[in-house]
Amino acid sequence: MFCKFIELYAEENVPIDMVMYQNEAYSYTPYPGCAWTAEGTVRFNRDFLVPTLRKRHPEVKTYIGTFNTNRLDYVQKIVDGLKGYVDGIGLQWEGRDNIKALRQRYPDMHFVSSESECGNGSMDWRAGEHTFHLLCDYIGRGCDEYYIWNFILCDNGRSPWGWAQNALIQVDSKTKKHRYTAEFYAVKHFSNLIPGGSRVTAYKSREENNGVSVIAFMRPDGKRVVIAGNFTDSQRTATVKLGGKYLNIPTPPHSFNTCVETK
């Protein structure tokens, strides 16, 4: 069935780059789901999914996840059992609690944030701040990719099972007009100025840095980029050491800020 999915999408010129065996295998949901044991997860991936994909679709990477649980012992048992079989790890929701420990244990694995948190349908500045914080935290702690869940929704984004959610773009179903939400601009600070091949050189979370998240990158062109988010009600100065110099960024309250080296 995994191969059929890949092949049918290929017929529509939609290439599949990566698969994970199941989304959120650690949640009880109001929609169809499937719970797994750690042993079953290892056996299915090691003995069935990975060998089949390697034989029929070697161009498709296999990641283990998505891990939406903070049970570190459980996750480690699965990943340890699949060393040499998978290309990376997908983490979301409570799985974020484990990033630091997992990155230390598996320094050579590729980590992705496989789903941004969906919000509550407010699509306001606070929602944008939360996504900005998540972007900083996932990327700053070792994830190389970050996937947004909803790109565009109408009204308050209510799902078929009653969950109002956020999106980057909100459409009024009556007027058909759209607007870019704060979450759109939070994502833009990262996607617009941080090309592939950039690397994180420093990170301080808002909890460690008086309410201001600061993350620094080195781009492939040699230019440094510093992104800072002020989540407080007052102006704060973010100070970053860059070589032998210091960059002082005055950040207004509740703001997103990016500085790009111009040399």
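How do the axes of helix α2 and helix α3 cross? The axes of α2 (residues 38-56) and α3 (residues 72-81) come within 9 Å and cross at roughly 25°. That makes the two helices roughly parallel, a label for angles under 35 degrees. Axes here are lines fitted to C-alpha atoms over the stretch in contact, with angles from 0 to 180 degrees between N-to-C directions. The crossing is right-handed. From α2, the contact (heavy atoms within 4.5 Å) draws on Ala38, Glu39, Thr41, Val42 and Arg46. From α3 come Tyr74, Lys77, Ile78 and Gly81. These residues divide into four nonpolar, two polar and three charged, with Gly counted as polar.

The model is predicted: local features need pLDDT of at least 70, side-chain atom pairs count only at pLDDT 80 or more, and totals for chains, interfaces and linings use all residues. Residues are numbered from 1 along each chain as its sequence is written, and side-chain values use heavy atoms, leaving out hydrogens and water.

Next, the loop between β2 (61-67) and α3 holds Asn68. Asn68 has 6% relative accessibility, so it counts as buried, the cut-off being under 20% with a 1.4 Å probe, protein chains only. Leaving aside neighbours within four places in sequence, Asn68 is in contact with Glu24, Ala25, Tyr26, Ser27, Gln92, Trp93, Glu94 and Gly95.

Now helix α6 (residues 182-191). Its buried residues are Ala182, Glu183, Ala186, Val187, His189 and Phe190. Seen down the axis of α6, they fall within an arc of 150°, so they line one face of the helix. Their cover includes α5 (125-140), β8 (178-180), β10 (212-218), β11 (224-230) and β14 (255-260).

Key
Helix = DSSP H or I, 4+ residues; strand = E, 2+ residues; numbered from the N terminus. Parallel < 35°, antiparallel > 145°, perpendicular 65-115°, else oblique. Left-handed = near helix turned anticlockwise from the far one by under 90°. Buried < 20%, exposed > 50% of the residue type's maximum accessible area, 1.4 Å probe, protein only. Arc of directions from axis to C-beta.
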